[in-house]
Amino acid sequence: STLDLLRSLATSDNMRGLLLICTYRSNDEGTKRNMLVDYFMQLKTEGACVTNIKVKGLSDMRGLICPSELILNDEEAAILASFLETHTDGNTIFAVRLLVYLLQDHEFDVTNEWIYELDKMSSIPQTLNELLTIEINALPPFTRDALIRASCIGCYFDMLIMKTSLLLACIDDEVTKQASFRRQTSLSDAISLAIDMNIVEEVGKLGYRFVHDSLWKAFYNMVPDESRGLLHLEIGRVMKKRLQPSRRQVPSGASMRNLNVGVSDQEMNSFVNQYLFSTVDQLNRGKDLITSQSEVVELFMMNVKAAKLAALNSSWLTCRQYLE
């Protein structure tokens, strides 16, 4: 298991040091959050030298604020920085996006009187999720709904699957309402806007990802519950077709060369494996809607293959989930 691997590394005589970086949110379950701490205490009793370095949330937000560019004096900058730190509890992504949100409302207010009223403003989002929901709903409808579809693919999504998912009519949204021949052009505009707004970022030439998993989850939470399973199933079916040799696999070396993407064999194998995992994950989320027995058997075999690949990567929990 992963913990056995950590024990071997931490107690090895051949290693001069090991730095393990872990992150968690304040709302994570305590048992999960404290598991490694308890485990390291156990390693200490076995003779391992363990030093716990705890890094707290950012306590000084002045580094996020450039007074000269915002036309703030030292007092105003200090008040704004203090408010951001208190309101966001040191959460940097919340602080940065909240600062942008505040400046959008007061960008041309050279008096800066609003800074002294921050604690009294009822319109300020109280949580990161609330702020992200406001940002999402302020997007152009097509961009919003295209990114909601992208969130169903995952935190990372490639444009080939994204373009195909735009043709799915299994959900009543702004994408479906637009004529099919216009959707790909609109998608390019939507992605460009999302990059400009720091919502997604380009990952090589293979695709895009949401800049933070909180953003990804905020978009995903906006998928209607009644449509979620069907959307996952249809996306999974599209991805499955691209894994079939008769369809000129998208994640194959030949197809990648057609896309002018220079990747090594190792990177290609990793991409193909990850593509299989993503495909099986999509189909599993919509498996209750599958009525064809042959498709059930096919998905069963895909889960077995995914489990074998996970085992080769020592991802035992993932392996067990696919087998289950």
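Tutor: Cys 319 is buried, with a relative accessible area of 11%, where buried means under 20% relative accessible area, exposed over 50%, and partly exposed in between, using a 1.4 Å probe and protein chains only. This is a predicted model, in which local features need pLDDT of at least 70 and side-chain atom pairs count only at pLDDT 80 or more, while totals for chains, interfaces and linings use all residues. Residues are numbered from 1 along each chain as its sequence is written, and side-chain values use heavy atoms, with hydrogens and water left out.

Cys 152 likewise counts as buried, at 2% relative accessibility, and a search of the whole structure finds 0 disulfides, a disulfide being a pair of cysteine sulfur atoms within 2.5 Å. Of the 324 residues of the protein chain, 37% count as buried.

As for confidence, the protein chain averages a pLDDT of 83, and 87% of the residues score at least 70; pLDDT is the predictor's confidence in each residue, from 0 to 100. Among the elements of the chain, helix H15 (residues 293–312) has the highest mean pLDDT, 94, whereas helix H13 (residues 253–258) has the lowest, 42; helices (H or I, at least four residues) and strands (E, at least two) are DSSP runs, numbered from the N terminus. Over residues 246–261 the pLDDT is below 50, although this stretch has 29 contacts in the model beyond near neighbours in sequence, a contact meaning heavy atoms within 4.5 Å.
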